[in-house]
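Here is a short briefing on one protein model. Look over the sequence and the structure first, then read the points below.

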Amino acid sequence: MYKLIAFKAVDYPDRCEMFIEGHRQVLESIGVKKVTSANNSWAQNPDVIVVIVESSEDGQIYGGARIHKANEISPLPMVEAIQDLDSSIREVIAKDLDAGTGEVCGLWNSRKITGLGIGAIFMVKACLALAPKIGLNSLYALFAPTTVKLGLEIGYEILSEVGNNGTFYYPKLDLIATAMKLHDVVNLPMTAEEHREPIFRIRNNRSLIIEEVYRNRQVTLEYTSFLE
């Protein structure tokens, strides 16, 4: 069994360090040595929530994602990543600050759980479930080409007003990222029903056993939130 755990970054520095190391290894495995937005100051940011997949057997972290709440002090990772390519991203996100916005970022998973859907589907669902708990009404994200379809299924729309119809060469010239926005993370009107139900179940419980079938395989996760 794997554990899906949510916590504030500042409350669990050891888990944050394991997250950072695991993410670094995944990036290096695809030839990315340095990502503009991948500085580690987020671990001291009280407006960052972390979601991890942790082994019940040995406590190792096999995947993770982060939710950053936007504020006027710390730019969202997306802004740091693409502002040199299109500076208008700052103004686009600034318009949503007062209403409460943020970003899902740093999504990664170890090859040990590749194919289980834990690194993408379950991680993203957990992030959408948690976002309103920290005052977010909308969410931004950068999606790789292989995950744009998933982004659309869970309610994101392509942010066509930035970049080349929302796309950028990032984090390096032979990789493409698509900027997307989920406009209503509270009600999720654009989210496919098969995803909405488990998102609201996670949102309404601090702990539960999540059982879903992914690609004809039964996946069981023990979900725990350490958020107040």
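With 228 residues, a compact globule would have a radius of gyration near 17 Å, and the protein agrees at 16 Å. That radius is taken over C-alpha atoms; the globule rule is 2.2 Å times the number of residues to the power 0.38. This is a predicted model: local features need pLDDT of at least 70, side-chain atom pairs count only at pLDDT 80 or more, and totals for chains, interfaces and linings use all residues. Residues are numbered from 1 along each chain as its sequence is written, and side-chain values use heavy atoms, leaving out hydrogens and water.

**Overall build**
- The C-alpha trace spans about 45 × 35 × 35 Å along its principal axes.
- The protein has six helices and 10 strands; these are DSSP runs (helices H or I, at least four residues; strands E, at least two), numbered from the N terminus.
- Buried residues make up 49% of the 228. Buried means under 20% relative accessible area, exposed over 50%, and partly exposed in between (1.4 Å probe, protein chains only).

**Aromatic rings**
- The protein has six aromatic pairs. Rings of Phe, Tyr and Trp (its six-membered ring) pair if their centres lie within 6.5 Å; planes under 30 degrees apart count as stacked, over 60 as edge-to-face and the rest as tilted.
- Phe7 and Tyr12 pair edge-to-face, 5.2 Å centre to centre with 65° between the planes.
- Phe7 is buried at 0% relative accessibility, whereas Tyr12 is partly exposed at 28%.
- Ring pairs link Phe7, Tyr12 and Phe226 into a cluster.

**Strand S8**
- Ile176 lies in strand S8, residues 176–182.
- Ile176 is partly exposed, with 38% relative accessible area.
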